[in-house]
Amino acid sequence: MTIVVFSLQIIFTTIGTEWIYTIYEDFTYITVRSILFKVLSIALLFVFVRETNDFLPYAGVTVFASVGSNILNYIHTKSIVKIRIINNFSQLKAHIKPVFTIFFSTLAVNIYVASDTTLLGFIKGNYAVGIYGVASKIYGTIAPFLASILIVTIPRLAMLFWEKNFKEYKNVLGSIIKVIVTILIPSSIGIIMLAPEIIMIISGKKYLASVTPLRFLAIALIFSLLNTIVSECVMIPAHEEKKLLKANLIAASVNLILNLVLMPFFSFNAAAVTTVISELTSLSINTFEMKNVMYGVVRSEHILKGIIQSTIGCIPIVIICLLVKEFVYLIWLRGLVAIVLSIVAYVCVLLFMKNDAVLNLLNRFCKR
């Protein structure tokens, strides 16, 4: 029955037509709707989930939180476009091949993402799955949050590429990379430095073994987000779905083989390491396939300069986190103080080095 409840996500995702709001860039509606349903789902958890056996209500609330708002999407969509079933197969035929290519590519990614936990359960048992699950869930929460920044720009990039306006395309893509790098590098360093505090606050002392896999997954986060940029913002607009599928299949194979080899010896730490290697493998292949575009953007938009500046800006983050650990003893207060001071120090360092991404964001904020 639980599988049936979770399977409802397929139906709700289909009727949700989230892509329509992405195309029309109606992100205010998406944000408000998502927040409302998340808050409502938290309230429902307290109402319906009271005992350890309440797994079915928990599954229902989880599905509701993820895709329940898609019902509202379907109703609201009628004010934008008219949705109907058509029998014109000739129009559909042109889209079948790229759609299935993207489908199998996404399936390959899900295989190497989900295979870690599955194989870990078979090889090392429930304890290892529980330890790795904590780190994996934190990673699974942060990665989509950072990736959501890209969703805003994908339709615009696709339009610019289709119009062959490559100059503007590279400008927009370069700006995206700068912003992502500026946020991504300090986020990963912060997770690495505060991993014990994050685990303690979220799961408690008995899950402190999750610290090491979480730190490895923080590294994987960098490769994963950069790979998302290359795949979603470059390869898809360029209609290179086949190359993307090839890269994901190779990464999935690497992940599966390394898990089988390393898990018997290194348990949940191996699962995290193989994720890092898989993400790096996919990123390397995709970047090589699109090297002409990526090299031109990196060179013309001074991306390497931004990476160096962000890396230097992380030095005070490391120092602050180490000092706060020494002098602040309450776990939650230690994390809060470290995060606030690190953000302030990081922004100040980047402003001193005249980082393009920070200056542009600051100028936009001041204009408002």
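Let's start inside: searching the whole structure turns up two cavities of 30 Å³ or more. Here a cavity is a set of points, on a 1 Å grid over the protein atoms alone, where a 1.4 Å probe fits but cannot get out, and lining residues have an atom within 4 Å of a point. A volume is the space filled by probe spheres set on those points, with grid points joined across faces, edges and corners. The model is predicted, so local features need pLDDT of at least 70 and side-chain atom pairs count only at pLDDT 80 or more, while totals for chains, interfaces and linings use all residues. Residues are numbered from 1 along each chain as its sequence is written, and side-chain values use heavy atoms, leaving out hydrogens and water.

The largest cavity holds about 70 Å³ of space. Around this cavity you will find K178, T182, H302, K305, G306, Q309, K354, N355, D356 and A357. At least two lining residues come from each of α9 (166-193), α14 (303-313) and α17 (356-367), and α14 gives the largest share, three residues. Helices such as these are DSSP runs (H or I, at least four residues), numbered from the N terminus. By type, the lining has one nonpolar, five polar and four charged residues. In this scheme Ala, Val, Leu, Ile, Met, Phe, Trp, Tyr, Cys and Pro count as nonpolar, Asp, Glu, Lys and Arg as charged, and the others, Gly among them, as polar.

Now for the second largest cavity, with a volume of about 40 Å³. Its lining consists of I138, Y139, I142, I191, L214, L217, A218 and L221. Two or more of these residues come from each of α7 (126-151) and α11 (211-235), with α11 supplying the largest share, four residues. The lining divides into eight nonpolar residues, no polar and no charged.

Finally, let's move to the surface. There, I201, I202, L330, W332, L333, L336, V340 and V344 form a nonpolar patch with about 770 Å² of accessible area together. Such a patch joins nonpolar side chains (Val, Leu, Ile, Met, Phe, Trp, Tyr) within 5 Å, from residues with over 30% relative accessible area and no salt bridge; a salt bridge would be a side-chain nitrogen of Lys or Arg within 4 Å of a carboxyl oxygen of Asp or Glu. The areas come from the Shrake-Rupley method with a 1.4 Å probe, and for residues only the protein chains shown count as cover. Both α10 (195-202) and α16 (331-352) supply at least two patch residues, and the largest share, five, comes from α16. V340 lies in α16 and counts as partly exposed because its relative accessibility is 44%, between the limits for buried (under 20%) and exposed (over 50%).

Conventions: Patches are made of residues with over 30% relative accessible area and no salt bridge: like charges are joined within 9 Å, nonpolar side chains (Val, Leu, Ile, Met, Phe, Trp, Tyr) within 5 Å. Buried means under 20% relative accessible area, exposed over 50%, partly exposed in between (1.4 Å probe, protein chains only). On a 1 Å grid over the protein atoms alone, a cavity is a set of points where a 1.4 Å probe fits but cannot get out, and a pocket is an open set with protein on both sides within 12 Å along at least five of seven lines; lining residues have an atom within 4 Å of a point.
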